[in-house]
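Good morning, and thank you for the time.

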Amino acid sequence: MSSMSETTRRALTEVDLTLWVNGSARQLRLDSRVTLLDALRDRLQLTGTKKGCDQGACGACTVLADGKRVLSCLMLAAQCDGRQVTTIEGLSRDGGLHPVQEAFLRHDGFQCGFCTPGQIMSAVALLTEGRATSDEEIREFMSGNICRCGAYPNIVAAIRDAAGRDEGV
């Protein structure tokens, strides 16, 4: 019995897909086991999305898929075929920052900055979901995003600001 050639094996695991990333269609052919995170960073050169724990525990890789936050290290790129994916690079429009990005700057919602893209993407989804009615609610729905520097009070203040609330409740 002969074994499959490496070329045949590779052909069986590769998929053709179209990712709509930051409003543009991107045609890719990749191994069906490639995560969305690796496709974004390694194939599309969108390095704003960070690889933190690579196990779905830290939130550094958070992006939006069809407007909902997802951990791109746990999602296969093939699962996003035909879906709208928004990364941190896709938030700004016409050269201006997204209101959440502006609020993070105003409130110094980052220190080293490594977790900031994932934090901002989660915050955008949180606001869209209408889950920023109190500081407690913000903390609860941002709990999947870890900041090792401890910028949490500033992150909550930035989200509160972006939600149009002036002070904590």
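I begin at Val-21, whose bridge partner in β2 is Ser-24. Helices and strands here are DSSP runs, numbered from the N terminus: helices are H or I with at least four residues, and strands are E with at least two. Two strands count as paired if DSSP finds at least two bridges between them.

A word on the basis of these values: this is a predicted model, in which local features need pLDDT of at least 70 and side-chain atom pairs count only at pLDDT 80 or more, while totals for chains, interfaces and linings use all residues. Residues are numbered from 1 along each chain as its sequence is written, and side-chain values use heavy atoms, with hydrogens and water left out.

β1 and β2 run antiparallel and are joined by 8 bridges. Their hairpin has 2 residues between the strands, and Asn-22 takes a positive phi near 50 degrees there. Val-21 also has a bridge partner in β5, namely Val-85; β1 and β5 pair in the parallel sense, over 2 bridges.

These pairs belong to an open sheet of 5 strands with mixed pairing, in the order β2-β1-β5-β3-β4. β2 (24-31) and β4 (68-71) are the edge strands, each pairing on one side only. On average, neighbouring strands of this sheet are turned by 40 degrees against each other, direction ignored.

Which strands does α4 touch? α4 packs on the sheet, touching β3, β4 and β5, and its direction makes about 40 degrees with that of β3. Contact means heavy atoms within 4.5 Å; axes are lines fitted to C-alpha atoms, for helices over the stretch in contact, and angles run from 0 to 180 degrees between N-to-C directions. Helix α2 (residues 36-43) lies across β1 (14-21), β2, β3 and β5 (84-86), and runs at about 105 degrees to β2.

Within helix α4 we find Ser-122, which is buried, with a relative accessible area of 1%. Buried means under 20% relative accessible area, exposed over 50%, and partly exposed in between, with a 1.4 Å probe and protein chains only. Leaving aside neighbours within four places in sequence, Ser-122 is in contact with Thr-62, Arg-69, Met-142 and Asn-145.

In helix α6 (residues 152-162), the buried residues include Ile-155, Val-156 and Ile-159. Among the elements that cover the buried residues of α6 are α3 (99-106), α4 (116-128) and α5 (135-141). After α6 comes Gly-164, with a positive phi near 85 degrees.

I turn to the cysteines. How many disulfides are there? The count comes to 0, a disulfide being a pair of cysteine sulfur atoms within 2.5 Å. The sulfur of Cys-58 is 3.8 Å from the closest cysteine sulfur, in Cys-53, and therefore too far for a bond. Cys-61 is likewise in no disulfide, the nearest cysteine sulfur, that of Cys-73, being 3.7 Å away. Cys-58 is buried, with a relative accessible area of 6%, and Cys-61 is buried, with a relative accessible area of 4%.

That concludes the presentation, and I welcome your comments.
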